[in-house]
Amino acid sequence: MNIEGKATTFSAAEAKAKFSEILKRAEAGERFVVTRHGKPIVEIAASADALPKKKLRGAMKGQIWIAEDFDVLGPEWDEYVS
């Protein structure tokens, strides 16, 4: 898949020659469009069941920082909380 997240395009002849490679890359999450005479005829992508499941808990560990005074209100809040 290219940088913009679009599917990689192959002609039917190229897809036939690289079919095993395309399947392996599709299993890894890439999408491909196969064309005939420049017109798209089929898209190859892994089914949602075949894609590896990402672990959510702890996925952002070490990437998020919260200041120690995050929940300390400034003096401008005094009249609202007293």
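This note goes through the secondary structure, the sheet and the surface of a predicted model.

1. Basis. Because the model is predicted, local features are considered at pLDDT of at least 70 and side-chain atom pairs only at pLDDT 80 or more, whereas totals for chains, interfaces and linings use all residues. Residues are numbered from 1 along each chain as its sequence is written, and side-chain values rest on heavy atoms, with hydrogens and water left out.

2. Secondary structure. The chain holds 3 helices and 3 strands, taken as DSSP runs (helices: H or I, at least four residues; strands: E, at least two) that are numbered from the N terminus. Along the sequence they follow the pattern β-α-α-β-β-α.

3. The 3 strands form an open sheet in the order 1-2-3 with mixed pairing, where two strands count as paired if DSSP finds at least two bridges between them. Strand 1 (8-11) and strand 3 (39-44) are the edge strands, each pairing on one side only. Neighbouring strands are turned by 30° against each other on average, direction ignored, with axes fitted to C-alpha atoms.

4. Strands 1 and 2. Strand 1 runs parallel to strand 2 (residues 32-36), and 4 bridges join them; within this pairing, Phe10 stands opposite Val34 of strand 2.

5. Of the 82 residues, 13% count as buried, that is, under 20% relative accessible area with a 1.4 Å probe, protein chains only. Among contacts (heavy atoms within 4.5 Å) with a separation of 6 or more, residues 24 or more positions apart account for 31%.

6. Surface. The accessible surface of the chain comes to about 7,500 Å², of which 57% belongs to carbon and sulfur atoms, as computed by the Shrake-Rupley method with a 1.4 Å probe.

How values were computed:
Axes are lines fitted to C-alpha atoms, for helices over the stretch in contact, and angles run from 0 to 180 degrees between N-to-C directions. Buried means under 20% relative accessible area, exposed over 50%, partly exposed in between (1.4 Å probe, protein chains only).
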